[in-house]
Amino acid sequence: MSAFARIRLFRPILAGATLRDRILACLGALVGIALTAFVSAVAAGNVTDLLWIVPPMGASAVLLFAVPASPMAQPWPAIGGNVISALIGIAVAHFMPLSALSAGIAVASAIAAMSLLRCLHPPGGAAALVGLFAGASSSYWFPLMPVGVNAVILTASAWVYHRMSGHTYPHAPAAPAAAPKPTQELPWTFSRSDVASALEEMGETFDIDTADLETLLRTIEQRALARSYKQLTCRELMSTGLISVAASAAPEEARAKLVASDVRRLPVLDTDGRIVGAVGLRDLIRPAATVRALMTPAATATPEAHAIDLLGRYAHDRVHAVFVVDEDRKPIGVVTEADWLAVLTRGLE
């Protein structure tokens with residue numbers, strides 16, 4: 001195995017994880033577990049034995065410190081999942097002798113209870129076995145002391161750690177971008193019902209909050225659209241075969257070309273073929289001898305300009321056509337509002 005391949009083995013497998021986060025998670029778990037064991041021992045009056053901690057707390061620490069955004073790492077699952085599962089293990093021990101069957105019943109019952117009470121926490125399965133192994137001789141206080149005390153201290157430690165490391169805990173899903181209103185909804189956008197339907201169709205359970213998933217998908221959607229449109233140049237979007245009119249031409253010639261070609265603006269060219277203005281039917285209302293006397297400034301752009309930058313000119317400057325010109329200001333194409341609608345249509349298809 002090459003050195004590069006060996007290094008890759010240590011890359012985090014979790015999406016969004018970084019080496020810095022993993023190192024900090026290790027330090028957080030170190031302090032959290034040590035503090036939990038010490039404080040629990042002091043609370044129990046057993047200062048001679050500082051390991052007053054149940055094994056499931058080690059698994060809980062992985063979730064609380066390494067994946068704090070997981071729904072299963074939040075305070076209620078971390079505390080409730082461990083305490084309820086330990087209580088179920090104790091209850092099973094009081095009604096059944098220790099056996100393979102009782103172990104299966106304890107874990108299965110813990111999963112069912114955590115699911116119903118919305119506190120599913122993987123270490124809860126281990127907490128159920130701890131309660132079962134504690135046996136019928138243990139009191140029903142066992143789920144509270146030490147399990148409950150352990151869970152509360154560890155969760156509090158995680159809360160402090162994440163405040164110091166810059167993470168949000170308890171995790172609050174970022175509000176997803178509001179989906180377009182039904183009257184404005186575009187075909188390529190998705191709704192929350194689409195997310196729910198997709199999850200149901202896939203038939204898989206993912207360790208991510210639905211709101212987080214929606215936010216992630218909308219962010220990806222926005223970045224993809226922004227990237228595709230920002231990379232689109234005027235050269236790629238423009239229409240060629242441009243119809244123009246000479247500055248010295250009579251207004252009647254310009255009017256005839258506008259009507260025949262069914263366009264809103266014509267570029268006006270000088271004798272060297274350079275654009276000097278633009279003219280539309282509204283400009284031709286006034287009497288004049290030549291087009292030059294009636295033309296207005298032309299909106300222009302270079303071939304490599306980002307086409308998305310033209311949207312502001314359409315919206316705010318009330319420009320209907322932007323003429324694409326070369327280095328000599330000779331028009332080589334035009335980008336109109338209709339061209340942008342064509343882009344959107346291609347995107348939908």
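**Reading a sheet, a pocket and the cysteines**

In this predicted model, strand S4 and strand S5 (residues 321-325) run parallel to each other and are joined by two bridges.

User: How do I read strand pairing, and which residue of S5 is the bridge partner of Thr300?

Analyst: Strands of a sheet pair through backbone hydrogen bonds, in either a parallel or an antiparallel sense. Here, Thr300 has Phe323 in S5 as its bridge partner.

User: What is the order of the strands in the sheet?

Analyst: The sheet is open and has three strands, ordered S4-S5-S6, with mixed pairing. Strand S4 (300-301) and strand S6 (331-336) are the edge strands, each pairing on one side only.

User: How is a pocket found, and what is the volume of the second largest pocket?

Analyst: A probe the size of a water molecule is rolled over the atoms to show where empty space is left. In this model the second largest pocket has a volume of about 570 Å³. It is lined by 22 residues, and those closest to its centre are Pro71, Met72, Phe206, Ile208 and Asp209.

User: Which helices supply at least two residues each to that lining?

Analyst: Helix H4 (75-95), helix H5 (100-116) and helix H9 (210-231) do. Sorted by class, the lining of this pocket holds 13 nonpolar, six polar and three charged residues.

User: How many disulfides does a search of the whole structure find?

Analyst: A disulfide is a covalent bond between the sulfur atoms of two cysteines. The search finds zero.

User: Are Cys26 and Cys119 buried or exposed?

Analyst: Cys26 is exposed, because its relative accessible area is 52% and the cut-off for exposed is over 50%. Cys119 is at 0% relative accessibility, so it counts as buried.

Conventions
Residues are numbered from 1 along each chain as its sequence is written. This is a predicted model: local features need pLDDT of at least 70, side-chain atom pairs count only at pLDDT 80 or more; totals for chains, interfaces and linings use all residues. Side-chain values use heavy atoms; hydrogens and water are left out. On a 1 Å grid over the protein atoms alone, a cavity is a set of points where a 1.4 Å probe fits but cannot get out, and a pocket is an open set with protein on both sides within 12 Å along at least five of seven lines; lining residues have an atom within 4 Å of a point. Grid points are joined across faces, edges and corners, and a volume is the space filled by probe spheres set on the points. Helices (H or I, at least four residues) and strands (E, at least two) are DSSP runs, numbered from the N terminus. Ala, Val, Leu, Ile, Met, Phe, Trp, Tyr, Cys and Pro count as nonpolar, Asp, Glu, Lys and Arg as charged, and the others, Gly among them, as polar. Two strands pair if DSSP finds at least two bridges between them. A disulfide is a pair of cysteine sulfur atoms within 2.5 Å. Buried means under 20% relative accessible area, exposed over 50%, partly exposed in between (1.4 Å probe, protein chains only).
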